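Please look through the structure below with this briefing beside it.

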Amino acid sequence: MKNYLTELFGTFFLVLIIGINGNPLAIGFGLMVLIYLGFHVSGAHYNPIVTLAMLFRKEISLLDSINYIIFQILGAVLAGSAVFFLTSVTMEVQPNLSATVYQILGYEILFTYLYVYAFLTVTSHPKLKNNTFYGLVLGATIMVGLFSSIQTSGGVFNPATSVGVTLSHLFIGDGVSKYYLWYYLVGPALGGLIATAHYSLINVK
């Protein structure tokens, strides 16, 4: 249970930082801190796409992966509600509406791919296991992704964020995130699938 609660804790604070601040530096450094705090307990996924990639790589069991995703989404729901409580503003997850569907999906696919590939490399590659720089690499990867895409796709790369925030609207009032939810399911899922296939192809276990 402690690993599930760690996933809830990490996802909660990650989404809380996104909702209150939104600055790529704050999010990147925040993720870095949360990864170092939780990696030794749960692996610090904080993202269903990462969990599914680790499941495919047989680094986590099916039961654990299901529970990880449930607790990640729960953490995001609580964070979306906390943002409203703290700021009186409804947290929304949406793209730049002047961008095309292909642009939005392109950013979400590419930078989720980069993050998942980085995660698999620094946490599970035999030559890099037990390193001390994994949190820095992953925090920096998210930071780069956000600086590159936040003005177009919103830079989500994480279905827990979009699903959790959308569900939080059931408690705090209507929001618009539900209309754009599919972007943040399809894009990250494709990016994660490509990253996992790429990693598996060149790092045969």
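Rings of Phe, Tyr and Trp (its six-membered ring) are said to pair if their centres lie within 6.5 Å, and the planes of a pair count as stacked when under 30 degrees apart, as edge-to-face when over 60, and as tilted for the rest. By this rule, the count comes to 13 aromatic pairs. This is a predicted model, in which local features need pLDDT of at least 70 and side-chain atom pairs count only at pLDDT 80 or more, while totals for chains, interfaces and linings use all residues. Residues are numbered from 1 along each chain as its sequence is written, and side-chain values use heavy atoms, with hydrogens and water left out.

**Aromatic rings**

- Phe-39 and Tyr-134 form a tilted aromatic pair, with 4.5 Å from centre to centre and 35° between the planes.
- Phe-39 lies in helix α2 (residues 24–42) and Tyr-134 in helix α6 (residues 134–149), so this pair ties together parts that are 95 residues apart in sequence; helices here are DSSP runs (H or I, at least four residues), numbered from the N terminus.
- Phe-39 is partly exposed at a relative accessible area of 24%, whereas Tyr-134 counts as buried at 13%, where buried means under 20% relative accessible area, exposed means over 50%, and partly exposed lies in between (1.4 Å probe, protein chains only).
- The rings of Tyr-115 and Phe-119 have their centres 6.3 Å apart and their planes at 50°, so this pair is tilted.
- Both Tyr-115 and Phe-119 lie in helix α5, four residues apart, which is about one turn of the helix.
- Tyr-115 counts as buried at 5% relative accessibility, and Phe-119 counts as buried at 2%.
- One aromatic cluster is formed by Tyr-4, Tyr-68 and Phe-71.

**A residue in a loop**

- Thr-152 has its place in the loop between α6 and α7 (159–172), and with 16% relative accessibility Thr-152 counts as buried.
- Leaving aside residues up to four places away in sequence, Thr-152 touches Pro-95, Asn-96, Ala-99, Gln-103, Ile-104 and Tyr-107, where contact means heavy atoms within 4.5 Å.
- Thr-152 and Leu-136 are 16 residues apart in sequence, and their C-alpha atoms are 25 Å apart in space.

How values were computed. Helix = DSSP H or I, 4+ residues; strand = E, 2+ residues; numbered from the N terminus.
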